Each structure stands twice: as C-alpha cells, then as structure tokens.
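Welcome, and thanks for taking a look at this chain with me. Open the model in your viewer, and we will walk through it together.

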Amino acid sequence: SSKIRNLDVQSADDVAVLEGCIDFSLAKTISKTEEKPERGGLPDCLDDDIIPSAGNEIGAEPQIRFLKAKLRAMQEELDSVLCECRKKDDENQNLKSQLKDTEEENTRLQRTIKMQHSQTEKYKMLSQEAKKKSEGLQQEVISLEKVLQ
C-alpha cells in the first residue's frame, strides 16, 4: 500500500500516465503507437483481444482513439481501486488503533480485577477474624452472666 500511495499520477496530452513504474512508460508506448500509423504499420500488441473483432476493419486512427479511450477507462478504474485501497488502509489503521486501545483497556481492567479480588480476600479474612472475635466475646458475656447469677 505504501508503493501505491507513492505513485505520481500525471497527464501526458489527454492520457493519464503513471510515473514510477520501473520498466514501463505509458507515454513512450503511446508515442510509439502514434508513430507507427505514420510509418505505415500498427503496433504488434494490437493482435491481442484488446480491440474487438470489428476493430480489424477500421483504420489505425480510430483504433488509436479506441485504445486511448480504453486506457482512460482503465486509468479511472485504477484510480478508483487506489482510492478504495487507501480507504481500506485507513480503515485498517483505525481498526488497529481501536484494537490497541481495547487491549490496553483490557489489561487495565485485568489489573483492576486482580486488585479488587485481593481486596475482597483481605476483607473476607478480616470479616472471619471479626466473627471469631465476636463469638469469643459472646462466650465471655455468657460466662460472665453465669457468674453474676
């Protein structure tokens, strides 16, 4: 995704071109395509399924216009995919941040639970000691009442 964000989009004539690709220059490819009809030939790549079967019956200029239109459409699709990718990247970063916050909150709550558990145990022990002391004092009161009678 960092590579995608670093691509510079520029415009050559009326065609958008991606700069930053190592072995591929769209501007050079277009200029070669535009030069070949002037020299009397079409580029070799026109044999693939890019141009519909009716494309073989039309001239070089309409084929070039068709290819440029197709290129623009593909560029728009690429831009759309890049935009979606950036949005997903941002959403991913937000989710990572939320996950980190949630994990920190979970750790904090676990510490709080441990502290409260230890306090509960401490108060249980104090309560048991107070209960024993109370029972002992009640026994002493009973014995003193017997002595008084």
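Let us start with a surface question about a cysteine: C83 is partly exposed, with a relative accessibility of 35%. Might you expect the pair to be bonded? The structure holds zero disulfides, and C83 takes part in none, its nearest cysteine sulfur being that of C85 at 9.9 Å. Seen from C85, the closest cysteine sulfur is in C83, and those 9.9 Å are too far for a bond, because a disulfide needs the two sulfur atoms within 2.5 Å.

Before going further, a word on confidence. What you see is a predicted model. The mean pLDDT of the chain is 78, with 62% of its residues at 70 or more. Over residues 1–23 the pLDDT is below 50, although this stretch has 33 contacts in the model beyond near neighbours in sequence.

Now for the overall layout. The chain contains three helices and two strands, and from the N terminus on they follow the order α-β-β-α-α. Among contacts with a separation of 6 or more, 40% join residues 24 or more positions apart. Of the 149 residues in the chain, 12% are buried. The accessible surface comes to about 12,500 Å², and carbon and sulfur atoms account for 52% of that area.

Helix α3 deserves a visit of its own. This helix covers residues 60–148, which makes 89 residues. At 1.5 Å a residue, α3 should span 132 Å, and the 128 Å between its end C-alpha atoms agrees with that. Which residues of α3 are buried? They are Q63, I64, L67, K68, L71, Q75, L82 and D89.

Further along the helix there is a charged pair to look at. The salt-bridge count for the model comes to one, and the partners are E105 and R108, whose side chains meet at 2.5 Å, N to O. Why can these two side chains find each other? E105 and R108 are three residues apart in helix α3, so about one helical turn separates them. An α-helix has 3.6 residues a turn, so residues three or four places apart point the same way.

Conventions:
Residues are numbered from 1 along each chain as its sequence is written. This is a predicted model: local features need pLDDT of at least 70, side-chain atom pairs count only at pLDDT 80 or more; totals for chains, interfaces and linings use all residues. Side-chain values use heavy atoms; hydrogens and water are left out. pLDDT is the predictor's confidence in each residue, from 0 to 100. Contact means heavy atoms within 4.5 Å. Buried means under 20% relative accessible area, exposed over 50%, partly exposed in between (1.4 Å probe, protein chains only). Helices (H or I, at least four residues) and strands (E, at least two) are DSSP runs, numbered from the N terminus. Accessible areas come from the Shrake-Rupley method with a 1.4 Å probe; for residues, only the protein chains shown count as cover. The expected span of a helix is 1.5 Å times one less than its number of residues. A salt bridge is a side-chain nitrogen of Lys or Arg within 4 Å of a carboxyl oxygen of Asp or Glu.
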